[in-house]
Amino acid sequence: MDFTLSGEQRQIRDTVAEFVDEEVVPRAAEIDETDEFPTDLIDEMADLGLLGMPFPVEYEGAGLDYHSYAIGLAEIARGSGGLGTVVAAHTSLAGNMLYEFGDEAQKETYLTALNTGEDIGAFALSEAEAGSDVPAMSTTAEREARSASERSGVAAEPDGDGYVVNGGKLWISNGSVADTVTLFAKTDPDAGRKGISSFVVRPEEDDGFIVEGTEDKLGDKGCPTAELRFDDMWIPEERRLGEEGEGFVQALKTLNGGRITIAARSVGIARAALDEATSYAQEREQFDRPIADFQAIQHKLADMDTKARAAELLMHEAADLKMRGEDYIKEAAQAKLYASEISREVANEGIQIHGGYGYTKDFPAERFYRDAKLSEIYEGTSEVLRNTIAQQLLDE
């Protein structure tokens, strides 16, 4: 296996790193403080082609391989964990649902707009009683034919098939700012996982789409996490993704690929924590010496770097399998599990190296810890991922 980055991959890394150092890092503390969606930075990333990295140029994507996408996302997360989530939810989840399961018209209309940054995407799957247990969702989509005039309140003969959606979703990244939402709902409530279907929702067009509010989170600031409600929201049939009953499998496949990019987000945060801790250790003096001279600090830095490097390799292994069209369920789960946990561990050690200053907001060490923790929860908790890995081992 060749571990050398190609010229294109190095260029992607350097281009994104330059943007992050110049535009994101100076704003990271402000984003964390205000928790406002940084529209201007998103627009700049769109201009750089960072919102459609892994998708073909025919849909205005950048046409990059999954290694390059993971590298780019890690750099973005190095600057801001919240921005890392914005891009991951937009690309790996909403964008990939359209790319993998949308028809040609859906790709041309909705995926293209996501890739150019004209639209922001979200992925609406989780509910209060259906987080890890997806089939427990209660949101329904019932078939109903309606005409345009009927939908506007004027009685008329039906001229189009569609679905009426009722229910709600929780913890939806980008949910309050999204222009395109990939939504999962039960079209056959009695069929369990085989009764779930997916749809493209357009919040500005679809009456009954309601943003109940956004969460005040521990970290991951700048990425709004919304609670959504759907009250008799009508969706035309042409916005269903694939066939009825395919939604559960679509969700699992999409989340599987998304785990690679959550691993990338985790690697980026770990690298940020390591860089900050290394710099601080070389500048901070105790007993008339930089604390970097002390073996206890050196061992911490060595362990932090080793863990980050191992997580990065697991991330690339899963990306390699995905690109070659091989099964990567176990490898993606391992990459996400390990990277998310070591990201939190590395961030924790970064606080320890900073001492009392690490517990204050005068330094970014505490922000890295808060941002890192989320990766152990969303897109598959560590506990669920361990179940997945074990099941894959037992089935081999």
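This is a predicted model: local features need pLDDT of at least 70, side-chain atom pairs count only at pLDDT 80 or more; totals for chains, interfaces and linings use all residues.
In soluble globular proteins, nonpolar side chains tend to be buried together. The largest nonpolar core of the present model comprises 63 residues, and the members that touch the most others are I42, M45, I76, I260, L301 and I353. Eight helices, namely α1 (7-34), α2 (39-47), α3 (66-79), α4 (81-101), α7 (247-283), α8 (295-323), α9 (329-354) and α10 (365-374), each contribute at least two residues to this core. Of these, α7 provides the largest share, with 13 residues. The surroundings of M45 illustrate the packing: apart from neighbours within four places in sequence, M45 is in contact with F19, L50, L51, I76, L83 and V87.

Helix α7 is mostly covered, as 27 of its 37 residues are buried.

Rolling a probe the size of a water molecule over the atoms shows where empty space is left. A search of the whole structure identified 1 cavity of 30 Å³ or more. The largest cavity holds about 40 Å³ of space. Its lining is formed by A28, I31, D32, S80, G81, G82, K221, R367 and D371. Helices α1, α4 and α10 each supply at least two residues of this lining, and α1 gives the most, with 3 residues. In terms of class, the lining has 2 nonpolar, 3 polar and 4 charged residues.

The backbone was considered next. Most residues other than glycine have a negative phi, and most peptide bonds are trans. Two residues with a positive phi are described here. D35, although not a glycine, has a positive phi of about 60°. This residue is found in the loop between α1 and α2. Because its relative accessibility is 27%, D35 counts as partly exposed. E379 is likewise not a glycine, yet has a positive phi of about 55°. The position of E379 is in the loop between α10 and α11 (382-395). With a relative accessible area of 12%, which lies under the 20% limit, E379 is buried.

Key
Residues are numbered from 1 along each chain as its sequence is written. Side-chain values use heavy atoms; hydrogens and water are left out. A nonpolar core is a set of buried Ala, Val, Leu, Ile, Met, Phe, Trp, Tyr and Cys residues joined through side-chain atoms within 4.5 Å. Buried means under 20% relative accessible area, exposed over 50%, partly exposed in between (1.4 Å probe, protein chains only). Helices (H or I, at least four residues) and strands (E, at least two) are DSSP runs, numbered from the N terminus. Contact means heavy atoms within 4.5 Å. On a 1 Å grid over the protein atoms alone, a cavity is a set of points where a 1.4 Å probe fits but cannot get out, and a pocket is an open set with protein on both sides within 12 Å along at least five of seven lines; lining residues have an atom within 4 Å of a point. Grid points are joined across faces, edges and corners, and a volume is the space filled by probe spheres set on the points. Ala, Val, Leu, Ile, Met, Phe, Trp, Tyr, Cys and Pro count as nonpolar, Asp, Glu, Lys and Arg as charged, and the others, Gly among them, as polar.
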